[in-house]
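Subject: Handover of a structure for your review

Dear colleague,

Please find below the structure that I am handing over to you, followed by an account of what was found in it. I would be grateful if you would read the two side by side.

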Amino acid sequence: MKLKVRHISFIMLCIYIAAVAFLCFMKTDSLPSVDMYFLGIPLDKVVHFMMFAPFPVLAYMTFWPSKAGKGGKLAVLTVIVAVGAGLAKATERIQTMLGYRTGDPADFLSDMTGILTGALVIAAYILFKKEN
């Protein structure tokens, strides 16, 4: 059986979600301390941005509507952003329930900035790709 790009994308999306869950819910007390800022931005916020930026790309590759026009593709992207927002909100909410982690609205903002950045990359691809 030959694996299609969509199947590989789905596998990558599942691995990605598992990795994000692990990073969001792991105990961090055993990690070595690092510089707390990167270019004046708290390192924690940079990490949240980097964790969530790939989500729209991986999700779009998995659920890409190949026969839809630009409007349909942008609609799918909008749903992906909404799902990503729900995922980001859920991770912060779950962290507030854990005894060893805390939820932070600024982390959610960093998550959403990453999601929207990834979505802008996909939107540019949709809008500027020449149709055959």
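Ala 53 touches Gly 114, Ile 115 and Gly 118, leaving out residues up to four places away in sequence. Ala 53 sits in the loop between H2 and H3, and its relative accessibility of 18% makes it buried, the cut-off being under 20%. Arg 101 lies 48 residues from Ala 53 in sequence, and the C-alpha atoms of Ala 53 and Arg 101 are 22 Å apart in space.

Please note that this is a predicted model. The pLDDT of the protein averages 87, and 92% of the residues score at least 70. Confidence is lowest in strand S1 (residues 37-38), where the mean is 70, and highest in H5, at 95.

Overall architecture

The protein has five helices and two strands. Their order from the N terminus is α-β-β-α-α-α-α. Taken along the principal axes, the C-alpha atoms fill a box of roughly 50 × 40 × 25 Å. The protein comprises 132 residues, of which 31% count as buried. Among contacts between residues at least 6 apart in sequence, 75% join residues at least 24 apart.

Helix H4

Helix H4 covers residues 70-97, which is 28 residues. At 1.5 Å a residue, helix H4 should span 40 Å, and its end C-alpha atoms are 41 Å apart, so the two values agree. The buried residues of H4 are Lys 73, Leu 77, Ile 80, Val 81, Gly 84, Ala 85, Ala 88, Thr 91, Glu 92 and Gln 95. As background to such a list, an α-helix has 3.6 residues a turn, so residues three or four places apart point the same way. The partners against which the buried residues of H4 pack are helix H1 (5-25), helix H2 (43-52), helix H3 (54-63) and helix H5 (105-128).

One of the buried residues of H4 is Glu 92, whose relative accessible area is 6%. Not counting residues up to four places away in sequence, Glu 92 touches His 48, Thr 102, Gly 103, Asp 104, Asp 107, Phe 108 and Asp 111.

Ser 9 in helix H1

Ser 9 is found in helix H1 and is buried, with a relative accessible area of 1%. Apart from neighbours within four places in sequence, Ser 9 is in contact with Met 61 and Thr 62. Thr 62 is 53 residues from Ser 9 along the chain, yet the C-alpha atoms of Ser 9 and Thr 62 are separated by 5.1 Å.

Cavity and pocket

The count of cavities of 30 Å³ or more comes to one. About 70 Å³ of space lies in the largest cavity. Its lining consists of Tyr 60, Trp 64, Lys 70, Lys 73, Tyr 125, Ile 126, Lys 129 and Glu 131. H4 and H5 are the elements that give two or more residues to that lining. Lys 73, one of these lining residues, is also among the buried residues of H4.

The second largest pocket has a volume of about 160 Å³. Val 5, Arg 6, Tyr 60, Met 61, Trp 64, Ile 122 and Tyr 125 line this pocket. The elements that give two or more residues to the lining of the second largest pocket are H1, H3 and H5.

Cysteines

How many disulfides does the count come to? The count is zero. A disulfide is a covalent bond between the sulfur atoms of two cysteines. The sulfur of Cys 14 has its closest cysteine sulfur in Cys 24, at 17 Å, which is too far for a bond because a disulfide requires the two sulfur atoms to be within 2.5 Å. For Cys 24, the closest cysteine sulfur is likewise that of Cys 14. Is each of these cysteines buried or partly exposed? Cys 14 counts as partly exposed, at 36% relative accessibility, whereas Cys 24 counts as buried, at 1%.

Yours sincerely

Conventions
Residues are numbered from 1 along each chain as its sequence is written. This is a predicted model: local features need pLDDT of at least 70, side-chain atom pairs count only at pLDDT 80 or more; totals for chains, interfaces and linings use all residues. Side-chain values use heavy atoms; hydrogens and water are left out. Buried means under 20% relative accessible area, exposed over 50%, partly exposed in between (1.4 Å probe, protein chains only). Helices (H or I, at least four residues) and strands (E, at least two) are DSSP runs, numbered from the N terminus. The expected span of a helix is 1.5 Å times one less than its number of residues. Contact means heavy atoms within 4.5 Å. pLDDT is the predictor's confidence in each residue, from 0 to 100. On a 1 Å grid over the protein atoms alone, a cavity is a set of points where a 1.4 Å probe fits but cannot get out, and a pocket is an open set with protein on both sides within 12 Å along at least five of seven lines; lining residues have an atom within 4 Å of a point. Grid points are joined across faces, edges and corners, and a volume is the space filled by probe spheres set on the points.
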